[in-house]
Amino acid sequence: MKKQQASPTSSSRRSFLKSTSALAAGSVTIPYFFAQSNPTCHAREKNDRPLLGLIGAGGQGTHDARRARPFADIVAIADADENHANRGKQQLSGGNAATFRDYRKLLEKKEIDAVIIGTPDHWHTRICIDALKAGKDVYCEKPLTLTIEEGQILCRVVKETGRVFQVGTQQRSEPAHLFLKAIALIREGRIGEVKKVQAAIGGAPQGGPFKTGDPPQNLDWDLWLGQAPSVEYRRERCHGNFRWWYEYSGGKMTDWGAHHVDIAHWALGADDTGPVSVEGTSTHPVPFEDGMPTKDDSYNTATQFHVNCKFADGREIVIRHDTDNGCLIEGTRGRIFVNRGKLVGKAVDELKENPLPEGAIEKAYRGKKPGYHMRNFVECMKDRSLPISDVFSHHRALTTCHLANIAIRLGRKINWNPLAEKIVGDAEAAAWVRREQRKGYEISG
């Protein structure tokens, strides 16, 4: 891995924070930004706090940025929706952050240490690559990629640049530590060898047909579309509804799948591998032909599904829409169930008489004190270690989700070589590891 880039000097930080020069079109000037005017700048000297840029200031991006404020300062915001950027500017920096429509202008600011990326899924990979090559550490929301190939490219660029990269799969860090305790129980052998994990992620909505219209003036619709096909504006395609269109996301399979399938891989100890076959059934809200929706005015991601992902050693992950949302982890000596509200099972009950050994939780958390996901990111920025939700393990888990979507869209079993990371024996299906990208928005590593 390449040597990490040094943080900006204190003088360069002061120069940046005091800058009042006009920025590029679509931006505002940056007033003097200092700790005394920012109530979140407590407990640390100003120059010890990383400077962050937020790219994608919708609901999730703003949520992530709020979680970063106890540890860092938000000094720049970029969004294709001007209203989002301006709202984030007020809420996250008291009106002090610079705002841009074009995220590349934000990345030009060398004093910015890292970026939080909260855009829709189809923009994640390109922005991540540009940020990594600009020398920024990256916190990017899940699901990290739109295709399997994007994940392969991202893993390569992270290795080449040596930047710290945290994926927003916060279940590995959630405050109650329920998922972390489940992993600690597994690592201590309390349920024996894990043989199967059932990841129940819930179904997706259906809706449409939706009417076309003119995009609002505050939204750059062409920029928002990015690599996706150019289509007429429908309000239900963007912002909070983008997940239900394969053009921009993978539906519930990659939305909640990014969380629970990640836990399933973690439980199996499969952070660096994947299944050898994936097959299942599904229900889609619109007709499909050769894996593609035949209507463009309605949600098109699967509303129901049941997918079996089998590993070479016989272990299995089942991804399903029904039953209680969460992960049922089955071992040779018992099973446990975990979700964001509970951790149950015989092995959990036995903790009263046989608690986990001292340090077991920290060991499962890669040797660090468990805490908030954003804090883990900032700590790893400082010591240049691997965050708890690293790009490599997330790519493997999300590959399983992408393969599941390929299988249910084509309606057949997919055979996968996890070592070569290739679909085998099916040339048509193999072409689905990538998607055609609109000219001017192509992704390359």
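Two strands are taken to pair if DSSP finds at least two bridges between them. Helices (H or I, at least four residues) and strands (E, at least two) are DSSP runs, numbered from the N terminus. The model is predicted, and local features need pLDDT of at least 70, side-chain atom pairs count only at pLDDT 80 or more, and totals for chains, interfaces and linings use all residues. Residues are numbered from 1 along each chain as its sequence is written, and side-chain values use heavy atoms, with hydrogens and water left out.

By the pairing criterion, strand 4 and strand 5 run parallel and are joined by 4 bridges; Ala-114 has Asp-137 of strand 5 as its bridge partner. On pairing with strand 1, strand 4 again adopts the parallel sense, over 4 bridges, and Ile-116 of strand 4 is the bridge partner of Leu-54. Strand 1 is also joined to strand 2 by 5 bridges, the two running parallel, with Gly-53 opposite Ala-76 of strand 2. These strands belong to an open sheet of 6 strands in the order 3-2-1-4-5-6, with parallel pairing. From one strand to the next the twist averages 20° (axes are lines fitted to C-alpha atoms, for helices over the stretch in contact, and angles run from 0 to 180 degrees between N-to-C directions).

Helix 5 (residues 121-133) touches strand 1, strand 4 (114-117), strand 5 (137-140) and strand 6, and its direction makes about 165° with that of strand 5. Helix 13 (residues 373-383) touches strand 4, strand 5 and strand 6, its direction likewise making about 165° with that of strand 5. Both faces of strand 4 are covered: Ala-114 and Ile-116 on one side, and Val-115 and Ile-117 on the other, are all buried. Burial here denotes under 20% relative accessible area, with exposed over 50% and partly exposed in between (1.4 Å probe, protein chains only).

In helix 2, the buried residues are Gly-61, Thr-62, Asp-64, Ala-65 and Ala-68. Viewed down the axis of helix 2, these residues fall within an arc of 160°, so they line one face of the helix; the arc is that of the directions from the helix axis to the C-beta atoms. Their packing partners are strand 1, strand 2, helix 3, strand 4, strand 5 and helix 13.

Helix 3 shows a one-sided pattern of burial, comprising His-84, Ala-85, Gly-88, Lys-89, Leu-92 and Ser-93. These residues cover an arc of only 140° around the axis, which puts them on the same side of helix 3. An α-helix has 3.6 residues a turn, so residues three or four places apart point the same way. The buried residues of helix 3 pack against strand 1 (51-55), helix 2 (59-68), strand 2 (73-78) and strand 3 (98-100). At 1.5 Å a residue, the 12 residues of helix 3 (residues 82-93) should span 16 Å, in agreement with end C-alpha atoms that are 16 Å apart; the expected span is 1.5 Å times one less than the number of residues. At the start of helix 3, a side-chain oxygen of Asp-81 comes to within 2.9 Å of the backbone nitrogen of Asn-83. Following helix 3 is Gly-94, with a positive phi near 60°.

A second open sheet has 9 strands in the order 15-14-13-7-12-11-8-16-17, with mixed pairing. Strand 15 (343-344) and strand 17 are its edge strands, each pairing on one side only. Strand 11 (residues 304-310) and strand 12 (residues 316-320) run antiparallel and are joined by 5 bridges, Asn-308 standing opposite Val-318 of strand 12. Helix 7 (residues 178-187) lies across strand 7 (194-200), strand 13 (326-331), strand 14 (334-338) and strand 15, at about 165° to strand 14. Helix 10 (residues 257-268) lies across strand 7, strand 12 and strand 13, at about 175° to strand 7.

Strand 8 (residues 277-283) is joined to strand 16 by 2 bridges in the antiparallel sense, and Ser-277 has Asn-415 as its bridge partner. Strand 16 and strand 17 (residues 422-423) also run antiparallel, with 2 bridges, and Ile-423 of strand 17 is the bridge partner of Trp-416. Their hairpin has 4 residues between the strands, and Glu-421 there takes a positive phi near 55°.

Technical notes
Contact = heavy atoms within 4.5 Å. Polar contact = N/O pair within 3.5 Å; in protein donor to acceptor, adjacent residues only side chain to side chain.
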